[in-house]
Amino acid sequence: MEQTERGTPLQRLHDSAFRARHPLFASIELTYTCNLACYFCYNPVQRKSQKRTQPAPERAESPLTFEEIVGVLDQLKEMGVLYLTLTGGEPLMHPRFWDIAQAAKDRAFAVRIFTNGAALTQNVVDRLATLMPFCLEMSIHGAKAETAEALTQVKGSFQRQMNALSLLQGSGLRVFLKCTVTRLVENELADIKAMADGFGFPLFFDPVLTISDDRQFYPMELRASDEAIAWLYKTSGLNLGNSPFEREPGDFNCSVGTGTLHITPFGEIHPCVQWKQSVGSVREKTLQEIWATSPLLMAAREANLKSAAMLKDTVKEHAFCAHCPGLSQLKCGDPLRPDEQYVRVANIRSKLAET
């Protein structure tokens, strides 16, 4: 079945681009360096107190140089990419962050910046306001210092984040807040929402955790309870990430392999930020060549197209069930195997719908 156009003009543009296998979105992990040490961080590096069963992988090659990153930006522009996400680690920790961000703006990308906010001083916020990215997305991990710093493992980080939110209020920047729902914060969700409302910024909750990029499962220790997840879905006015959407066999499940590319600090290309398999390196081939010829990228596209039918065939509560092929590939090596976290959420949502 062909996917039909629906939604806003922008969504129809996205749908049309995905059907044409035209990349609209790209993300670059500028660095794995970070000023926090979040316990559940999925970067393939050792953070404080993470219960790894094996050491983080060592890298023989050096990170991309500034000149190489600019070359990547030129290729992305030539390919027609519209949205560019600068992430990390903490992207502001990259020694050439401002030069990279300006180069991205000069090439007319809609620039998204992911940050933990702990480095946002008045000077930094002023520079961001001058740069005027498409949006700034900031993670928060609790409504009080004790909770947040149990996750970030950096004393004083909560107050620095609160100071950042105060500075951002009058900056004119488009700001979105994100909160991953863990057992550490599950009793503060209403307070976190009230805090975000007090600052005047939209807040998005995500009840699904991911393992590390190198397949370590320590983040799963922080999974929230069924009761906390149920609270999210029965509370009106909340924004929830990874929500299922109306789809039929033949529809794309997401943009993996069809509309997005992800680039690591070392120049490896992944199908998306979650699908952690290299489909090529910018130091060996052009992005266009990788996009057009990579067998693994073609396999990701095929899994994307099969996902909707797979859910209907294998998940009883499929109408409530989201699916991330990249997360399934990372966790079990099969992009068409429903992840137990999404199935769990679907079961909770189904029960709520019956009440």
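Visitor: What do the side chains of Lys331 and Glu340 meet in?
Guide: A salt bridge, at 3.8 Å from N to O. The term stands for a side-chain nitrogen of Lys or Arg within 4 Å of a carboxyl oxygen of Asp or Glu. Salt bridges with shared partners join Arg223, Lys331, Asp339 and Glu340 into one network. Keep in mind that this is a predicted model, where local features need pLDDT of at least 70 and side-chain atom pairs count only at pLDDT 80 or more, while totals for chains, interfaces and linings use all residues. Residues are numbered from 1 along each chain as its sequence is written, and side-chain values use heavy atoms, leaving out hydrogens and water.

Visitor: Is Lys331 buried or exposed?
Guide: Lys331 counts as buried because its relative accessibility is 12%; buried means under 20% relative accessible area, exposed over 50%, and partly exposed in between, with a 1.4 Å probe and protein chains only. Glu340 is partly exposed at 37%.

Visitor: How many salt bridges does a search of the whole structure find?
Guide: The search gives 18. One of them pairs Arg283 with Glu68, with the closest N and O atoms 2.9 Å apart. That pair links distant parts of the chain, 215 residues apart: Arg283 is in the loop between strand 10 (280-281) and helix 9 (287-293), and Glu68 is in helix 2 (residues 66-79). Helices here are DSSP runs of H or I with at least four residues, strands are runs of E with at least two, and both are numbered from the N terminus.

Visitor: New topic: where is Ser212 found?
Guide: In the loop between strand 6 (203-206) and helix 8 (226-234). Ser212 is buried, with a relative accessible area of 0%.

Visitor: And what does the side chain of Ser212 reach?
Guide: The backbone nitrogen of Gln216, at 2.8 Å.

Visitor: Last one, on strands: how many bridges join strand 2 to strand 3?
Guide: Four, and strand 2 (residues 83-87) runs parallel to strand 3 (residues 110-115); strands pair if DSSP finds at least two bridges between them. Leu86 stands opposite Ile113 in strand 3, and Ile113 also stands opposite Leu136 in strand 4. Strand 3 is joined to strand 4 (residues 135-139) by four bridges too, again in parallel.

Technical notes: Polar contact = N/O pair within 3.5 Å; in protein donor to acceptor, adjacent residues only side chain to side chain.
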